[in-house]
Amino acid sequence: MTDRGPRSAAALAQENEALRHRLQEAEDLITAIRTGTIDALAVQAPEGPRIFTLEGADQSYRNLIEQMSEGALLLSQNGTVLYCNACLAGMVKAPLQSMMGVSFHDFVPLDYQEYWLELLSTAWTGKSKGEMPLQATDGHQHPVALALNVLVFNQTQVLAVIVTDVSEQREISAIRARVSEQNTLLERQQETLRTQAQAQRAAEQTAAETSRILEGMPHIAWTASPAGLNTYLNRRWFEYTGHHAQADPAHSFSALIHPDDLPGAAQRWREAIASGEALEIECRIRSATGEFRWMLGRALPSRNEQGEIIQWIGAYTDIHEHKVTQARVAEAQEQLRASNQQLLRINRDLDNFIYTASHDLKAPINNIEGLLSALLSELPAELVKGAAIQPLVGMMQGSVDRFKRTIEHLTEVTRLQKEHEQPQGLIELEPVVRAVMLDLAPLLESSGAQLDVEVQHCAPVSFSEKNLRSVVYNLLSNALKYRHPARPLRVRVRCHATAEYQVLTVQDNGLGLQVAGNAKLFAMFQRFHDHVEGSGIGLYMVKRIMENAGGRVEVESTVGTGATFSVYFRR
Amino acid sequence: MPLPPCILLVDDDQTTNYLNRLLLKRLAVADELLTAQNGLEALQMLQAHHQRPELNEPVLVFLDVKMPVMDGFEFLQAYEQLPAAHKAETVIVMLTTSLHPQDVERMQQLKIAGFLNKPLTKEKVDGVLLQHFQHEMPVE
């Protein structure tokens, strides 16, 4: 227009107005073309109106695209929407007319922008596919599948994009997933059922096996539920009780247990159920003949893999004979204890009697002695010294002395009882024998005895030292006292050991004594020789001491040849 | 200490009392010899003599163990419980025949001057007098 030369302002304004009008028309036309309102344009040309049809604007294609359930759009190189169908506008919830010219980036969520740009750049080299959400104008996102293709449109490259809403596909896959999940569950349940059936078969087998074993047992066998209810009894029970299995299969124990034993047994059973610990009871159960027999009842809980009690398995064993024997033994022991008690009492009474007797006898004999001496001092001296009186006085004094000695010995015996309770120690024989020899030195010397002692190799004995001394003293002094007048006395003291005892022997070549049937030998106040002083108490004491300590004394002798006394100390 | 002016003999056995009196009289160790037949009599006698100054008070008692009414042990118990004002310093010696370990043990725990085995002899009397009255017997 510049070559036309200057014009007037009015002309310019008029021209301007005309151009604006044509621009308006052009814009309207573009809009019409863009929106598909028109398919052809009748353009006024110098040679008359000419009909232009839009290139590719085939009505039927456009309809197809417009009515597609997929979104379709054309993008310019900078991502501006050149065209979009109603479906896509619906997806992003925007009015169709507002879509043209906007940037498609606006509908891509922020965290997918990068993915989108990559998709685009790949697409511009040919084509690309992808999945991502689209963000609608109300903010909701829809998962979509995108297919991008480069098209040449009016000599310009554009990008054709088909947008498929995959929400429904997602739903379908969700349903598919649920179905598959359901199927898996079903599978699993069936598997469980199969396993259970297997377990049940195994359990039934085990039960059958158990029952076969329980039936075969010579004992009464039973099972009970974890709560303690009887679930099974074997044949032996019905044979024993005389009840019929069919008539009374779960027969209660309580009716057949002896009423005296029932509370205890029931209590133990309750405790076992509560604690899950083994049950053991003894009770009497009535048999078919009506006899109550002693039974030992034992039961153990049977547990599953989880440690839960699934049942109790128990048995009753007949212990009647054993129990009755036990009772008899207990009774016998009780009797023995009673008679021991009685013997102890008698012994104590005897001791007390001896004490009392010796005390009561001492007073009068002391008085007799005192009175005798008082009497003698009253009598004229020449009378007392007279031939008629003096032997009488001597005999009286001798009797008094004898009486007093007897009382002394009696007292000694009872003192022995007390010494029985003396503490014991391990005592060497050798020093004791030497000590006694020292005590007996005057007698040893006067008797001219040859003493041969060889006990140093002996093990010590567990004994009261005082008692041991008393035993050795009695045996040695007896040997010295009852020596043979015709030959020099020889005494051998030896010792040896047996499995149970240490044995000390005192052998002499003295008078000897009648051993056969000499129950009296060790009896109290028994004397075999009367030519020497003796109390008849010595051997009795030896016997008492030895027996009190669990040992014994033995004698071997031939009259006129000698005697051997052996004392046995328990090892 | 001078010789005890008065000695009390306590025994239920009259013969024993007679013989002991005889012995003590012959030994001439006391001005007066009293006898009682049991613990109760002895106790009453001791109290009576303590309260009447004109009477000799026994300072030595020979006491038997076994007696009826009140025995030696019971007597000692009762005597111990008397108020100090009611008794003099008295030497009590028990005479016994009992060797029962229980009795011996009991006697050893008593607060007495000593105990002697019966019968009472000149030697035993000498011992008591020497120990408790520092009296030496003249050699006969």
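Predicted model: local features only at pLDDT ≥ 70, side-chain atom pairs only at ≥ 80, totals over all residues.
User: OK, chain A. How many helices and strands?
Analyst: Chain A has 15 helices and 19 strands. Those are DSSP runs numbered from the N terminus, with helices being H or I of at least four residues and strands E of at least two.

User: And how much of chain A is buried?
Analyst: 35% of its 571 residues. Buried is under 20% relative accessible area, exposed is over 50%, and partly exposed is in between (1.4 Å probe, protein chains only).

User: What about contacts between residues 24 or more positions apart?
Analyst: They make up 53% of the chain A contacts with a separation of 6 or more. A contact is heavy atoms within 4.5 Å.

User: Let's do sheets. What's the strand order in the one with E3(A)?
Analyst: E4-E3-E7-E6-E5, an open sheet of 5 strands in chain A with antiparallel pairing. Two strands pair if DSSP finds at least two bridges between them.

User: Which strands are at the edges?
Analyst: E4 (81–84) and E5 (127–135) of chain A; each has a single partner strand, so one side of each has no neighbour in the sheet. Neighbouring strands are turned by 25° against each other on average, direction ignored.

User: What packs on that sheet?
Analyst: Helix H5 (residues 113–124) of chain A, which touches E3 (71–75), E5, E6 and E7 of chain A. The direction of H5 makes about 155° with that of E5(A). Axes here are lines fitted to C-alpha atoms, for helices over the stretch in contact, and angles run from 0 to 180 degrees between N-to-C directions.

User: Is E3(A) covered or open?
Analyst: Mostly covered, with 5 of its 5 residues buried. A:Gly71, A:Leu73 and A:Leu75 point one way, and A:Ala72 and A:Leu74 point the other.

User: Which residues does A:Leu75 pair with?
Analyst: Its bridge partner in E7(A) is A:Leu159, and in E4(A) it is A:Val81. There are 5 bridges between E3(A) and E7(A), and 3 between E3(A) and E4(A).

User: Anything in the hairpin of E3(A) and E4(A)?
Analyst: A:Gly79 takes a positive phi near 90° there, and 5 residues sit between the strands.

User: How about E6(A) and E7(A), how many bridges?
Analyst: 10 bridges join E6 (residues 141–153) to E7 (residues 156–165), running antiparallel. A:Phe153 has A:Thr156 as its bridge partner in E7(A).

User: Now the sheet with E8(A). What's the order there?
Analyst: E9-E8-E12-E11-E10 in chain A, an open sheet of 5 strands, antiparallel. E9 (230–233) and E10 (279–286) stand at the edges with a single partner strand each, so one side of each is left without a neighbour. The twist averages 25° from one strand to the next.

User: How do E8(A) and E9(A) join?
Analyst: Through 3 bridges, with E8 (residues 220–224) running antiparallel to E9(A). A:Ala224 stands opposite A:Asn230.

User: Which helices pack on this sheet?
Analyst: H6 (residues 167–216) of chain A touches E8, E9 and E12 (309–318), with its direction at about 55° to that of E9(A). H9 (residues 320–378) of chain A touches E10, E11 (292–303) and E12, with its direction at about 120° to that of E11(A).

User: Which residues other than glycine have a positive phi?
Analyst: A:Lys93, at about 55°, is one of them, and B:Val69, near 70°, is another. A:Lys93 lies in the loop between H3 (86–91) and H4 (96–99) of chain A, while B:Val69 lies in the loop between E3 (60–64) and H3 (72–81) of chain B.

User: Is B:Val69 buried or exposed?
Analyst: B:Val69 is exposed, at 64% relative accessible area, whereas A:Lys93 counts as partly exposed at 42%.

Technical notes. Residues numbered from 1 in each chain as written. Chains lettered and ligands numbered in written order. Heavy atoms only, no water.
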